[in-house]
Structure formats: C-alpha cells, structure tokens
Amino acid sequence: MSKTTTDTELPPQAVEDAAERLTTAPVESDGPTGIGVFGWLRWTWRQLTSMRVALILLFLLSLAAIPGSLIPQNGQNEFKVETWKAQHTTVAPIYQKLQLFDVYSSVWFSAIYILLFVSLAGCIVPRTWQFVGVLRAQPPAAPRNLTRMPVYAAWRTGADAETVNTAAHRLLRRRRFRADLAGGAVAAEKGYLREVGNLVFHLSLFALLGGFAWASLASGTGGKLMVAGEGYSNTITQLDDFTGSRFYGSQDLDPFYLKLNDFTSRFQTKGDQIGAARQFTANVEYYAGSDAAKLKQGSIEVNHPLEIGGSKVYLIGHGYAPVVTVRNAKGDVVYTGATPFLPQDANLTSTGVIKVSDYGEKDGRRTQMGFSGFFLPTAPVAFDANTGPRSLFPGDADPALVLNAFAGDLGTDSGLPQNVYQLNTKNLTQLQQDGKIAKVRLKPGQAWELPDGYGSVTFEGYKQWASFNISHRPGNAIALAGGVLAILGLIGSLFVQRRRIWVRAVALPGGGTLVELAGLGRSESAKIAEELAELAVDLQDDAPATDEPEPDTPGPDTPGPDTSAARETDEADAAEAADEAPASADPAVPADQNSKE
C-alpha cells in the first residue's frame, strides 16, 4: 500500500539541520561581533545570556553555598559562630575577611546571584516574544518533495484530492494538531508544550531566585529559649537575639504572645539505636496581636512549625534546666529558679553556670557567688577520672547535678555584656573543702552546705527547656512555587516531542489520487512514525488504497512516492528539501541568539 523511509536513509547532518528548525532556541555566538566597545558589549551580553554561562553560574552558586552549610553562620546561631572562632583561632580571621560567617549576604555570593538573575531575565524575555510569534503563525507549508522527509508513506486511492485533504485536516485536528489546509496540502504541527515547558522552567528559576532574593531583603529571624512554664511577647527586648534585613527591622516584628506549657521528649530505650530521639513536642499556648481573649493551644514539633501571623515558630533545640535554691550565711534565700544548661553530647550531658549577684555581704564585704557544673539526665554510679562527668542516656532516668562553687566579683556590675552560659573567674576564688576543690554531686532534693560558712545550695529538681527560632520569610511561598513549577516545566521539556506532519493529495493524469504523508520530529523518536502510521490507517476510511500500480517517477510538479533515487539523495539535497519552506513562512526559525534551551 505504501512506502516508508526513516531518518537512517538520510545523511545525518541533513536530518540534524532539518530537525533543528523545530526549536525556537537560537544559535549561540562564539565570538564578539561588531567593532569597538559596542561590539564587545554585545558579545558580552550574548555570552551572559547563553546556556553555557547560565550553567556555569548555577554550578558556582551551588559551590558558593557549601561554606554556608559547613561553617556556622551569624544569621542562624551567633553563639556557635563565637564558639567556632574560639576553637579555630588561626583561620577565623581569614574566614572573617572572606565573609564565610555571612555567606548568603556576602559580596561574592550576591554577585553570582545577581549575574544568574540577569542571565535568566535576558533569556526569558526574547524567548517568550518569539514563542508568542510562533503560536500566532500557521504551521509551515509542505515542502515540494515529501519523499525526502525522515518518515514518509504514500498510496493511490480513488477518492478525489479535495476530499482526502479535508479528511486529513479533520483527523489531524481531532488529534489536537494545529492544522492548516492550504495549497492542496495539509500542514500540521504538535508538541508546543515542549517549548512551554522550557519557558516555564526558566520562569520558575527566575521566580525561585526572586523568592530567595525577596526573603533575604525582607526577612528576619529571632531566637528565644524558654523553660517550661515561661512565656514571652514577641518584642525586641524579650528576644534572646534578632537578625533583621534591609526591609525588616525590630519595629516590624509580628505582635504575638507565646508560652511554653510543657515539653515532651522520648528516646528509644533498647535495641541498636538506644538513645535515639523518638519524640520532641513543645506544647504551647499563644495568641496573635494583643487580645489575650483569643488564646489558643498548639504544639510545635521538629519540622512542624507553628504559624502565628506572618511568622513561623520552629523548634530547634531542647535540654534540661536544674532548679536550684541558694541561701546565704544567714539562711536567707538569695537565689531560686530554673537555670538552662546546654547539651554537649548526644546523651545530653549539659553544662551551665548559676550566677548569684545578690548574695549580700560576707565578712563585712559585698560578695557575689557563682556555680559551674554539669547536669546529667542519667548519671553513672561513678565518674571516669579521664572523661569526667558524663550522662549515660539522654532521658531523665537518674538525674544528678555536679557543682563547683566560686566567691568574689562576677563582673555583672561593670556594665559590660556577659555570656549567661559562661562564668568569668578572673575576680572569683574557687572554694576549698578539706584542702581540695569544693565540689558536690546532688540528687533531686539534696542540699550542699558550702564551706567557710557561705550558706547552702539545694537541688530542688529540674525542668525541661526548649529553644525556638521565630522566622519571618515572605519569599518562601514564591520560592516553593517556583521549585514545583520548575520540575513540571522540566518534565514537559524532556518528555514532549515537537513534530510536524504534512499530507498532500494530488490528482494523477491517468485517474485516481496520489496520497502522500510525511513527518519530521524534533529529536530521534519512534513517536512520529507511529503517529504517521495511525493517521494513514484512519485515513483509509476516506481514502482507501487501490491495487493499481504507483507511478514510477513523479513529475516536477507532482510529488511521487519514495524511490531508490530519493534515498540516494546527497546531503545538500536533503537539507534543501527539509528547508523547503522559506524562513519567513516558518515561524520556528530563531529570531535572535539570546535564548537558551
């Protein structure tokens, strides 16, 4: 009934050149054009908006983000930054000059970010206008000689040519091709979602970068540590730390109240993963604004933040706060309360200090006291002399408090800021007992009589504390939407094939009609051959094949079926056949060189 050729019968370069015309991506320039400064500026712009440079910038951006993952950042945890600097005194000044503690706001990271932003913008705008022009134009007219297309079929039928062309036009429209019936042939095109996917992918990357940029310019984060039973109002004076941005300062904080009612932690007690965390839940109550009548109950878990107004409250840490009561030599209570101790290992061995600024007088002199030590959720029977106090399990199975005592001047009256988790022993004297350093191990409810008549310390018990990150990032939703759309656009650009089909029915001098079908795909795929075969089968209802022999050689104005001479066409003739429609008639010919694909 028909004869079919495939792209293996054409010179490879000819098929590649013909298929390339199905894309709107222009050819990149390899060198400067023009003369002088303008020519170099034009060449630089084309390089910046090329696919090659965009991929390099994306790669550089990913490399630039690595230090932000490995090195503590000021905007996330300044305490960790200071601790890291103290542990790496040699390289810390170098890192400081290279802005490695502020990677995402550094000059070099911002430069890569902005260049990538400009590169995408320079690609998207011209490519979008070009694609709009393609959509508004009709599919390219059928080439003069269809036998030179990669996929071809032909047969003779008794139906008249007009009926066959009309039927082919109807069938192609039914298959959702953009079809045009003109000049005795049907030209159809399909697969525009491929280019739509490309544009959506680029626009999504643009939105993704824009969302991150907006978040960095209009975001702010604060930190707050609360012991169970405590609450705070979201103001700059009650936050432990705050980092703002250009368009978000302390005066822009979302007004709300948050209280930590209790904290639930659960750890695995047996098996290979003994001690692994299984539950961290902060049970809170809160209200937005200033209306306490709108008090609500809620819970915050790891990766499940609580949204209040325009801010999200994340749970980022937890630990224990021993409750200690200190009495002076007269027996008066000079300090009582829960003091958070900071975890040092996976078993929550925690260190902390207790500062008693209002101890009073001792031996006629104003005295202050300080205590440093360890809180052990599950204490061993005896401590290892080499490792010191260590907890055996992160849960509170057998808690104990280990303390050392100091007396003297804490330095809290100097007006200089101090770290609440560190004890400055410069003007303090460590108490001695029986010629040794005064220290004690206490169980809940036990008391320690301090040496030299300094009073006593009672370990009343302990509470749990939780630390929260209060984040206001308005660009996160935009970045998330951009990421999802980028994936969808990439799927469309990879799995949708751009292809064209032409159908021509021509009346033969001896009677009957010659029906020709040809197809051209954007890339090597069996889809175009399958679609052409299905169309040929469906067209049999309106143009059934006859048993009459086909003409041996088509005339100059009457295209004929595939022959051995056509299969032996050289590369130049194949390229000419594929490009038969003039550039002005083919809306897919690129208009500029600023686009990527």
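Helices (H or I, at least four residues) and strands (E, at least two) are DSSP runs, numbered from the N terminus. The model described here is predicted, so that local features need pLDDT of at least 70 and side-chain atom pairs count only at pLDDT 80 or more, while totals for chains, interfaces and linings use all residues. Residues are numbered from 1 along each chain as its sequence is written, and side-chain values use heavy atoms, with hydrogens and water left out.

The secondary structure of the protein chain consists of 12 helices and 24 strands. The chain has 597 residues, of which 45% count as buried (under 20% relative accessible area; exposed is over 50% and partly exposed lies in between, with a 1.4 Å probe and protein chains only). Of the contacts with a separation of 6 or more, 68% join residues 24 or more positions apart, where contact means heavy atoms within 4.5 Å.

Two packed helices are described by the angle between their axes and the distance between the axes. For helix α3 (residues 51–70) and helix α6 (residues 107–136), the axes come within 10 Å and cross at roughly 150 degrees. Axes are lines fitted to C-alpha atoms, for helices over the stretch in contact, and angles run from 0 to 180 degrees between N-to-C directions. The crossing angle makes α3 roughly antiparallel to α6, a term used for angles over 145 degrees. On the α3 side, the contact is made by Ala 54, Leu 57, Leu 58, Leu 60, Leu 61, Ala 64 and Ala 65. The residues of α6 include Trp 108, Phe 109 and Ser 119. By class, this contact has 13 nonpolar residues, 1 polar residue and no charged residues (Ala, Val, Leu, Ile, Met, Phe, Trp, Tyr, Cys and Pro are nonpolar, Asp, Glu, Lys and Arg charged, and the others, Gly among them, polar).

Ser 456 belongs to strand β22 (residues 456–472) and is buried, with a relative accessible area of 10%. Leaving aside residues up to four places away in sequence, Ser 456 touches Thr 325, Val 326, Arg 327, Trp 448, Glu 449 and Leu 450.

Two loop residues have a positive phi without being glycine. Asn 303, with phi of about 65 degrees, lies in the loop between β9 (296–301) and β10 (306–308) and is exposed, at 67% relative accessible area. Asp 363, with phi near 60 degrees, lies in the loop between β14 (350–362) and β15 (365–376) and is exposed, at 66%.

Definitions and conventions:
Angles under 35 degrees count as roughly parallel, over 145 as roughly antiparallel, 65 to 115 as roughly perpendicular and the rest as oblique.
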